[in-house]
Amino acid sequence: MYLPPHDPHVDDPMRFKPLFRIHLMERKCATVECMYGHKGPHNGHIQIVKKDEFSTKCNQTDHHRMSGGRQEEFRTWLREEWGRTLEDIFHEHMQELILMKFIYTSQYDNCLTYRRIYLPPSSPDDLIQPGLFKGTYGSHGLEIVMLSFHGKKGKGTKITGDPNIPAGQQTVEIDLAHPLQLPDIENLRDFSELSRIVLEVQEQVRREEQEREQRQEEEEHSQQAASQPASPLGGEGAEGEETAAGAEGTTQDKAPASQPFVLPMGVISRNEDYPRTCRICFYGTGLIAGHGFTSPERTPGVFVLFDDDRFGFIWLELKSFSLYSRIKVSFQNAQAPSREAFDEMLKNIQSLAT
């Protein structure tokens with residue numbers, strides 16, 4: 001199991017923790033041992049479910065328990081997961097969220113199902129190299145996000161989740177067709193100024209979507225009424241030209257000179273050691289929800305590209321900032337066989353989370 005570094009140190013390396021091991025014997029026999037807990041290896045079981053999927057089960061879950069009961073288990077988990085003690089955490093809401101995460105994760109320490117995850121394919125037009133990133137999520141700690149690009153959209157999909165947004169959900173979406181021009185550094189400190197800029201772009205995006213839907217309806221009516229397909233084909237050609245021009249503009253804006261960057265007053269960041277210059281910013285949306293993934297909604301925000309290995313996201317409604325840093329672990333045989341296979345995997349993990 002790969003664990004993120006201790007919050008909020010996103011640039012630190014990932015941590016490694018063995019969960020199961022297999023001893024291969026003669027005549028195709030094998031013994032399986034569970035490595036979970038603090039009492040050493042013990043009897044376990046592994047079952048192949050189907051292609052690209054298998055399950056593990058611990059047969060001696062008493063090895064996972066501690067003499068001091070759940071309280072001792074929680075304190076031990078807290079030291080390993082967060083690198084701190086409960087006494088170090090003064091914020092009551094943060095204590096509540098951490099306890100919820102412990103209860104949520106410790107339910108599944110005896111039986112787990114594993115499914116293959118492909119790394120996202122890349123293309124020369126991508127903003128940066130896609131891949132896996134560690135990100136700060138407020139009181140939830142560090143989580144793993146997969147960044148992938150799909151034409152004019154960038155998607156950040158949660159690989160690990162929390163009590164609010166589970167793994168598999170699309171945590172952020174980047175609208176690459178709508179770069180943001182940030183104000184000068186002094187005005188950027190004013191949250192209301194940044195909010196005004198973002199909400200204006202949000203309204204522009206809404207109008208463009210309405211116009212696009214209206215054009216599609218008109219084209220459908222034209223296709224039904226016309227005996228010859230000339231007019232619909234002409235419409236598609238014009239739309240294609242518009243798309244190409246938009247894509248060209250995005251490419252030209254992709255690597256401008258760096259500009260000063262600072263978080264607006266009142267925006268909370270777990271990590272104050274974020275870069276003070278950025279390359280480019282885009283309008284985006286972030287997914288928020290109540291505990292148990294209740295009332296999920298996409299809210300406006302700002303995607304901030306710092307360099308090839310770091311980006312950030314300002315959650316406008318939450319007045320919060322997430323900083324993401326690339327995971328530089330080399331995973332073998334993890335590339336998707338095709339773009340279609342990767343897209344199918346994304347749909348599958350989202351449907352599992354839902």
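Trp-77 is buried, because its relative accessible area is 12% and buried means under 20%, with exposed over 50% and partly exposed in between (1.4 Å probe, protein chains only). The model is predicted: local features need pLDDT of at least 70, side-chain atom pairs count only at pLDDT 80 or more, and totals for chains, interfaces and linings use all residues. Residues are numbered from 1 along each chain as its sequence is written, and side-chain values use heavy atoms, without hydrogens or water.

Phe-74 is also buried, at 9% relative accessibility. Phe-74 and Trp-77 both lie in helix H1, three residues apart, about one turn of the helix. Helices (H or I, at least four residues) and strands (E, at least two) are DSSP runs, numbered from the N terminus. An α-helix has 3.6 residues a turn, so residues three or four places apart point the same way. Helix H1 covers residues 69-82, and its 14 residues should span 20 Å at 1.5 Å a residue. The expected span is 1.5 Å times one less than the number of residues. The end C-alpha atoms of H1 are 20 Å apart, in agreement. The buried residues of H1 are Glu-73, Phe-74, Thr-76, Trp-77, Leu-78 and Trp-82. Helix H2 (92-106) is included in what covers them. Gly-83 follows H1 and has a positive phi, near 70°.

Aromatic rings were examined next. Rings of Phe, Tyr and Trp (its six-membered ring) pair if their centres lie within 6.5 Å; planes under 30 degrees apart count as stacked, over 60 as edge-to-face and the rest as tilted. By this rule there are 16 aromatic pairs. Phe-74 and Trp-77 form a stacked pair, 6.1 Å centre to centre, with 20° between the planes. As noted, Phe-74 and Trp-77 both lie in helix H1. Phe-261 and Phe-306 form an edge-to-face pair, 5.5 Å centre to centre, with 75° between the planes. Phe-261 lies in the loop between strand E12 (259-260) and strand E13 (268-269), and Phe-306 in strand E16 (residues 294-307), so the pair ties together parts that are 45 residues apart in sequence. Phe-261 is buried, with a relative accessible area of 2%. Phe-306 is buried too, at 6%. One aromatic cluster is formed by Phe-133, Tyr-137, Phe-303, Phe-311, Phe-313, Trp-315 and Tyr-324.

Lys-134 sits in strand E8 (residues 131-136). Its relative accessible area is 3%, so Lys-134 is buried. Lys-134 has no salt bridge; the nearest side chain of opposite charge, Asp-11, is 5.8 Å away. A salt bridge requires a side-chain nitrogen of Lys or Arg within 4 Å of a carboxyl oxygen of Asp or Glu. Lys and Arg count as positive and Asp and Glu as negative; His and the chain ends are not counted. A polar atom of the Lys-134 side chain lies 2.8 Å from the backbone oxygen of Val-10. The backbone oxygen of Asp-12 lies 2.7 Å from a polar atom of that side chain. Beyond four places in sequence, the contacts of Lys-134 (heavy atoms within 4.5 Å) include Pro-5, Met-14, Glu-143 and Tyr-324. The C-alpha atoms of Lys-134 and Pro-4 are separated by 6.7 Å, although these residues are 130 residues apart along the chain.

Notes:
Polar contact = N/O pair within 3.5 Å; in protein donor to acceptor, adjacent residues only side chain to side chain.
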